[in-house]
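Trainee: I am new to this structure and would like a close look at a single part of it. Could you walk me through the place where two of the chains meet, and what lies around it?

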Amino acid sequence: MSALAALIRRDIKIALRVGGGALIGVLFFLTVTVLMPFAVGPDLALLSRLGPAILWLGALLASLLTLDRLFTADHEDGSLDLIVMSRTPLELACAAKALAHWIAAGLPLIIATPVLGLLLNLDGTATLAVGATLLAGTPALTFTGMIGAALAVTLHRGGLLLAVLVLPLSIPVLIFGVAASQAAISGSLPFGTPFSILCALSLASLVIGPFAAAASLRHGLD
Amino acid sequence: MSALAALIRRDIKIALRVGGGALIGVLFFLTVTVLMPFAVGPDLALLSRLGPAILWLGALLASLLTLDRLFTADHEDGSLDLIVMSRTPLELACAAKALAHWIAAGLPLIIATPVLGLLLNLDGTATLAVGATLLAGTPALTFTGMIGAALAVTLHRGGLLLAVLVLPLSIPVLIFGVAASQAAISGSLPFGTPFSILCALSLASLVIGPFAAAASLRHGLD
Amino acid sequence: MRLSGRNLKCVRGGREVFSSLDLSATAGEALAVTGPNGAGKTSLLRVLAGLLVPAEGSMALEGGDAELSLPEQAHYLGHRDALKPALSVVENLSFWREFLGGETEDAGRCLAAVALDHAAHLPAAYLSAGQRRRLSIARLLSVRRPVWLLDEPTSALDAAGQALFVGLMRDHLASGGLIVAATHLPLGIDARDLRMGGAA
Amino acid sequence: MRLSGRNLKCVRGGREVFSSLDLSATAGEALAVTGPNGAGKTSLLRVLAGLLVPAEGSMALEGGDAELSLPEQAHYLGHRDALKPALSVVENLSFWREFLGGETEDAGRCLAAVALDHAAHLPAAYLSAGQRRRLSIARLLSVRRPVWLLDEPTSALDAAGQALFVGLMRDHLASGGLIVAATHLPLGIDARDLRMGGAA
Amino acid sequence: MSLGPYASFIVTSYALVAAVVLLLIVWIIADYRRQQAHLKEIEASGITRRSGRSAADIR
Amino acid sequence: MTLTDLANPTKFLALTARILPWLAGVTAILLAIGLYQSAMAPDDYQQGATVKIMFIHVPNAWLSMFVWGVMSVAALGTLVWRHPLADVAAKAAAPIGAAFTFLALVTGSLWGRPMWGTYWEWDARLTSVLILFLMYLGLMALWRAVEDPSRAARAAAVLTLVGAINIPIIKFSVDWWNTLHQPASVLRMGGSTLDKAFLWPLLVMAIAFSLLFITLHLAAMRNEILRRRVRSLQMMQANRVAFTSEVGTGSRDGNASQEIGAA
Ligand code: HEM
Ligand SMILES: Nc1ncnc2c1ncn2[C@@H]1O[C@H](COP(=O)(O)OP(=O)(O)OP(=O)(O)O)[C@@H](O)[C@H]1O
Ligand SMILES: Nc1ncnc2c1ncn2[C@@H]1O[C@H](COP(=O)(O)OP(=O)(O)OP(=O)(O)O)[C@@H](O)[C@H]1O
Ligand SMILES: [Mg+2]
Ligand SMILES: [Mg+2]
């Protein structure tokens, strides 16, 4: 237990210290959100209609892109070798790293959502709905993304290959996240159904992610 | 001259060889484009209206994200030290690296545009317009992105920091790129004006980028 | 305690690096793995550390903790030093001390043992090559593990550092540990030689 | 030809590493920079290579090519070996040969000189530590530069590799080159000692 | 057999399937030839397999 | 001929060399029969002649999922039993599966235009197939990205197993969400609801395409085995030269690995 706590504490400390992985994720989120109106054109009604979609896309990209170095950084400096050798089961160590990443990079996104909602002309309910779906859905993004991050170590390749491998897996999360937000906003469709699917996806990924990541790390080191 | 040619050849070779940076960039582009309808909803009319914006955003993200390792990879293995020490002016070497990156990662995006246009229900003119604006605009993305890539070396941080630094610089390119495409599609506005601004932006970045990048590299090594 | 490997074979990148290799070392004994560049010394250590899966053969630690595997009872000191530049020297050491767990030693005392205590609060990014190596060695001291797997441990160390490290290895052997070290230079302690063949 | 540095001072991370350091070496002469870990040997080499800006002082290469700066006439061999894992051994070497330019030597011959010719078409990712070092040394041979700045060049080399490298350094000195090498081990050639102070 | 107003769609889909399947077949055959050529080339340089049989002999 | 015999690459090559011509022949004959029957099939009272697209669309769609299933089994073989032939099977299947998926997408689109009035619609069935296609491409990129085949195999195996989640989603998407695409009428609980006049040609075509897959897959596996044999011989070449070079001391029996192909 104390080993996992130490790992989580270290990862959060590093994320907050070096130029702030957390801060940078939020900045990226902000920039993508600000960029959208430029791309879409300054039509406020359209914007607030697209609002949840834009926020979810921004969060998806931001959390995937920060994931990229989740394991490669540890691989390059040799830490990963020691983590694999240690007495802590590798699955738990992977889960701990993902959790630390979510705390340092996922939570700040959710905290920033209300501010961005203002920029996109979303009202209170809509912002709340997006925030709630993000809270339920971003763990799924982190924990499926972790699989890609582990593969990136095996492949000696980070960045885009990772994104390509992981994006298809995160599409369902995106679909249900946006669907739940839209349902809450329009009020005509039930919010519960997509939201509970979203939670189910998160729970499933909480189990599958660490196992798949540990398997790929164990077979991939050399 | 032959030194620069060697540098360009090496960078392209590495991009094509290791899992094909080029191929992966295109796949990322494809995936992001496929992602959009999920977020926005399956409304074909809306999609084809947003089409150019989506393609431009996808190209922007794909080309920025591949840029991330433009200098850090060379820094980590010590190549950058030797490049800085060499007899080739650093500005030219930077420009050569950016050119190689554009050839390996930018051009394939443009080639893939027609296929993606089909998915987004764009007609022939629209696809052609987006392709032309991408051809004129992506060099600007690469050459301004290079500045961020150089700063990322100095700051020992890749990935997102780069995106955050560079996205604001690329907003004008995005605006005029989308504007020109929309003009060509709707036919009501002149295509020439935003397009020539786009070309001007590209030309300016061709000059400013290498100088800024070289300056930041020269002062940033240690 | 006895570390033994039988009939080990290692394949990397589709090429056989070594095969039918036997080795054994008992408590208090050091094994110096020598051989030309590319002979497979590093590969052997990584096999013992459980980081490479051998294509054939098996290894075991008899007389160790029966509940733990060989890698879980071993320290591995490789070319890459598992240090985070953003953390300070003492933070780096404390993390590994807590994460590796088991019988631990005070972090400050370990730093003093490698003469790095004066730099305890410096970021690890500021360390010179030899200082980084000393910090890695402090990791070996901070958590007790019976088996030390060392890959060219003395590289980058100055004369004082090497003398100090020889003393630490002696202490480890005296307390019943065992050492397998890949090296091109004399280790400075009594060690049995395991010579590996192969080309540069 | 004469390499000289006057009153050099280097500050890293806000701390002074060395100051008022003078050095000089003439053609055919080797300078061995020694000193404990953290004394500033690597920092001095990086200052000479133009990769660190000295806080005070200046250095020059008298009698060299007047059009070129000191770094442009120097080879730097550091801890990081400037190899791309994706390219083969010969592709790596050929790239540096073409990029660095000037008087060049055939790539195949350089590989043969460090006994790596048999591995010419292997990806560099597959090389062992010593093989990588040999490939870096081949770079020094492939392009002629009068000044060699070497940071612990013999680490990771086996006995045969060290002997070979000593021969190469001798040849370089004999042909009028000069060498500044940071090292903890005897270099194997006649060299003037530049001892740097400082703590571990 | 009349294909009705959408003949072009039907013909295109059948033609595309035929084209892609043919492409696969051609690619596989070409790949086979290439590997055989490689094996012959290596054989000519005097390397043989452990079993002592010819490398290109696959029976 | 036991399973362990099959696992030996040389035996595998010998066996497939004997079987392949026959397989190819049977495939060709069945394809011809299937095509003839499809041509002779009556027009549908709703869909007219476009129903003929079904005879190629449906087999391709089925195979796109079936091939992923084959790769998943191979992935288990790689991870659990570390069997080299499983690596070969997985790698050889990917491009063929991608081709079938591509064809399912294209023929579906071409059918969609007359039926639904659009080539493409973002509904659950179509999109999940598109995701399948993307994952095939990702997998192929992954195989290309890694030089060492056994390393690539392990990474690809993990990804294949994770991606297998998509297969039930494709299959049941029409039941879970209401989509444009029609629900299963052949492979469904409680028997087929399709008219016999369409069912027979469809079944023949489906069998013919499955045989086509088996034929192509075996041939591609042979190529892959040969490719690895070439690789290991090239490695041997490099090693042997190394062995004779003077710097090396000690001895080594300069042969290549246990890898597939070296046998
Ligand atoms: C790009 C568009 C399309 C895709 C990706 C697609 C995909 C698929 C897939 C994956 C299956 C196998 C499902 C299963 O076994 O349950 C299937 C079956 C089928 N598709 Fe499509 N389809 C597309 C368009 C169409 C269109 C336009 C039609 C006709 C209106 C159509 C008619 C059918 C039929 C009749 C079946 C057989 C269902 C059964 O009997 O089980 N598809 N399609
Ligand atoms: N990037 C850096 N930033 C700040 N300080 C640094 C940096 N690198 C090294 N230092 C400090 O500068 C001093 C000299 O380091 P240097 O690497 O030059 O030593 P060295 O003589 O090469 O030591 P070694 O024998 O261990 O290689 C050390 O005290 C170190 O802490
Ligand atoms: N990642 C790898 N993939 C494939 N082959 C490798 C890899 N690493 C090393 N090799 C090969 O394995 C062989 C043994 O390498 P290893 O690193 O074990 O040698 P070593 O004895 O430690 O050499 P050195 O003294 O140079 O450190 C070498 O021939 C090398 O080419
Ligand atoms: Mg080694
Ligand atoms: Mg040093």
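Mentor: Happy to! A nonpolar core is a set of buried Ala, Val, Leu, Ile, Met, Phe, Trp, Tyr and Cys residues joined through side-chain atoms within 4.5 Å. Keep in mind that this is a predicted model.

Let's begin with the meeting of chain C and chain D. Chain C brings 25 residues to the contact and chain D brings 24 residues. Between them an area of about 1800 Å² is buried, and carbon and sulfur atoms give 52% of that area. There are 0 salt bridges between chain C and chain D, but 10 residue pairs are in polar contact. On the side of chain C that touches chain D, helix α4 (residues 129-142) of chain C gives the largest share, with 4 residues. Sorted by class, that side of chain C holds 11 nonpolar, 10 polar and 4 charged residues.

Now for the cores. The largest nonpolar core has 298 residues, and Phe71(A), Phe71(B), Leu44(C) and Leu44(D) have the most contacts inside it. Helix α8 (residues 196-244) of chain F supplies the largest share of this core, 18 residues. Looking past the neighbours within four places in sequence, Leu44(D) is in contact with Leu8(D), Phe18(D), Leu21(D), Leu23(D), Val33(D), Leu194(D) and Met196(D). Another core, of 33 residues, lies apart from the largest one and includes Ala30(D), Leu122(D), Leu168(D) and Ile179(D).

One last stop in chain D: Ala119(D) sits in the loop between α3 (107-113) and α4 (129-142). Ala119(D) counts as buried because its relative accessible area is 3%, and buried means under 20%.

Definitions and conventions: Residues are numbered from 1 along each chain as its sequence is written. Chains are lettered from A and ligands numbered from 1 in the order in which they are written. This is a predicted model: local features need pLDDT of at least 70, side-chain atom pairs count only at pLDDT 80 or more; totals for chains, interfaces and linings use all residues. Side-chain values use heavy atoms; hydrogens and water are left out. Contact means heavy atoms within 4.5 Å. Buried area is the accessible area (1.4 Å probe) that two parts lose on being put together, summed over both. A salt bridge is a side-chain nitrogen of Lys or Arg within 4 Å of a carboxyl oxygen of Asp or Glu. A polar contact is a pair of N or O atoms within 3.5 Å; within protein, one must be able to donate a hydrogen and the other to accept it, and residues adjacent in sequence count only if both atoms are side-chain atoms. Helices (H or I, at least four residues) and strands (E, at least two) are DSSP runs, numbered from the N terminus. Ala, Val, Leu, Ile, Met, Phe, Trp, Tyr, Cys and Pro count as nonpolar, Asp, Glu, Lys and Arg as charged, and the others, Gly among them, as polar. Buried means under 20% relative accessible area, exposed over 50%, partly exposed in between (1.4 Å probe, protein chains only).
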